[in-house]
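I opened this notebook to record what I looked up in one model, taking the confidence values before any side chains. Each entry below keeps to one topic.

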Amino acid sequence: KPGGGGGGASSSTPSPASTTDRFLKIVLSWDYLRIVADSKGADKAKGLQHVKNSYASVEEYLGVFEPLLFEEVKGQILQGRRNEEEEVGLDWQRGAVASCAESEGFHKLSMVVSDGLRDSVCENDLLLLSKEKFEEGVNPTAYAFAVVEQRGGKDNLSLRTFVAGEIKNLNVARPVKSLRLQRFASILSTSDSFLWILKMCSLSTILREYSGMHSVASHPFKDLILSASENNRDGDDQKRAWNVPQPLMDYLKTNLNGSQLDAVNAGLSRRSFVLIQGPPGTGKTQTILGLLSAVLHSAPARMQTRGGFDVQKHGPELDIESKHANWMKASPWLIGANPRDLIMPVDGDDGFYPTGNDLKPEVISSNRKYRAHVLVCAPSNSALDEIVLRVLQTGEYVMKITTLIIPRLCVLD
């Protein structure tokens, strides 16, 4: 097992500000050229621990996952730069240091930049600042990462950088002196000095992930996350599972691999909490679609009551003609416009549509409390968009979809 890599993690719950500061000090201290060189090496797992199924403490959990998350940050820096190189005009830009002040261990500077650069960056974007351009035949001597704090007035950017030294083994308390950063700090102390600026990637999503990881100590699901198990009162997940329609289950078995199907079955076990992990490209989104399909088209085998779990009782099976008739009553928009959409608000601006009318669609089942509602959340809007687009593109998977798009929020009904 590779050792080390978890130094500096604490089991106590830090404040959001201190968590963000720790993250930024580590990332901003990195040497970009070393990241590029290390990415080409053979031993990329050096200093990383194997992920275990359970953890004895929050400290042990953070000791394993924090180094892995920072490896993901390095991967995003390299990938982000490759993506930027494909965009036209997103290359080195020149800026002037208008002011610089030390605050809370960082150097916070205001830079005068072109309108094009200012408009192309956002809060939490990672930039590379350098005395010289990174060009073939040039050996840069003074450069450092900086993060965008805010876009100021015209031609102005507020940045934060860390030049106290490079942080090794995630030990923020003991930065190692760096000649590169010392030279860069001397440039910041010189008024009206010029620097070359290169956009790398956005840190917004990974910052949220890092804050979430460090909040595990105060999370209501802490014990479930650390132990990866749950004490069921009735002792059998299958007794609490969902009854998936056989045609849908056959479809899932055909289109999902074994591990994806295991993940779907775990999600249908009706445990309080299920964690499904997988590296990029292993089919997590496909698994999510399968799980959503199963939940939205299945019925619970047993319902929780005050006395425990009772078997869900069903009425007689309808013939296909009766099913079609009921489907049309429940979803009249399938053969035309939704009747509710044909009625305008009473006064035009109250925002409410009348409901006491003859055109209101019939409610077929009185057991509406058993109908599943699924809330899908993601750390970024793009991740949620991908899930919604996949759902819309696979109509045979999920047949009834109502989406409520809010930042990082989606309701499937």
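The entries that follow go from the whole chain to single residues.

**Entry 1: ground rules.** I am working with a predicted model, in which local features need pLDDT of at least 70 and side-chain atom pairs count only at pLDDT 80 or more, while totals for chains, interfaces and linings use all residues. Residues are numbered from 1 along each chain as its sequence is written, and side-chain values use heavy atoms, with hydrogens and water left out.

**Entry 2: confidence.** I looked up pLDDT, the predictor's confidence in each residue on a scale from 0 to 100, and found a chain mean of 76, with 71% of the residues at 70 or more.

**Entry 3: overall make-up.** I found 12 helices and 12 strands in the protein chain. Of its 413 residues, 37% count as buried, where buried means under 20% relative accessible area, exposed over 50% and partly exposed in between, with a 1.4 Å probe and protein chains only. Among contacts between residues at least 6 apart in sequence, 70% join residues at least 24 apart.

**Entry 4: aromatic rings.** I looked up aromatic pairs, for which rings of Phe, Tyr and Trp (its six-membered ring) must have centres within 6.5 Å, with planes under 30 degrees apart called stacked, over 60 edge-to-face and the rest tilted; the structure holds 12 of them. One of these joins Y32 and F145 edge-to-face, at 6.1 Å centre to centre and 85 degrees between the planes. Y32 belongs to helix 2 (residues 32–39) and F145 to strand 4 (residues 143–151), 113 residues apart. Y32 is buried at 11% relative accessible area, and F145 is buried at 0%.

**Entry 5: lysines.** I checked for charges over rings, meaning NZ of Lys or CZ of Arg within 6 Å of the ring centre and within 35 degrees of the ring normal. The charged end of K74 sits over the ring of W30, 5.0 Å from its centre, and K133 lies over the face of W196 at 4.6 Å. What is the nearest side chain of opposite charge to the buried K25? For K25, which is found in helix 1 (residues 16–28), that side chain is D21, 5.8 Å away, and K25 has no salt bridge (a side-chain nitrogen of Lys or Arg within 4 Å of a carboxyl oxygen of Asp or Glu; Lys and Arg count as positive, Asp and Glu as negative, and His and the chain ends are not counted). Leaving aside residues up to four places away in sequence, K25 touches E104, F106, F162, I167 and V172.

**Entry 6: positive phi.** Most residues other than glycine have a negative phi. N124 has phi near 75 degrees; N124 lies in the loop between helix 4 (115–120) and strand 3 and is partly exposed at 22%. L170 has phi of about 60 degrees; L170 lies in the loop between strand 5 (156–161) and helix 5 (179–188) and is buried at 10%.

Technical notes:
Helices (H or I, at least four residues) and strands (E, at least two) are DSSP runs, numbered from the N terminus. Contact means heavy atoms within 4.5 Å.
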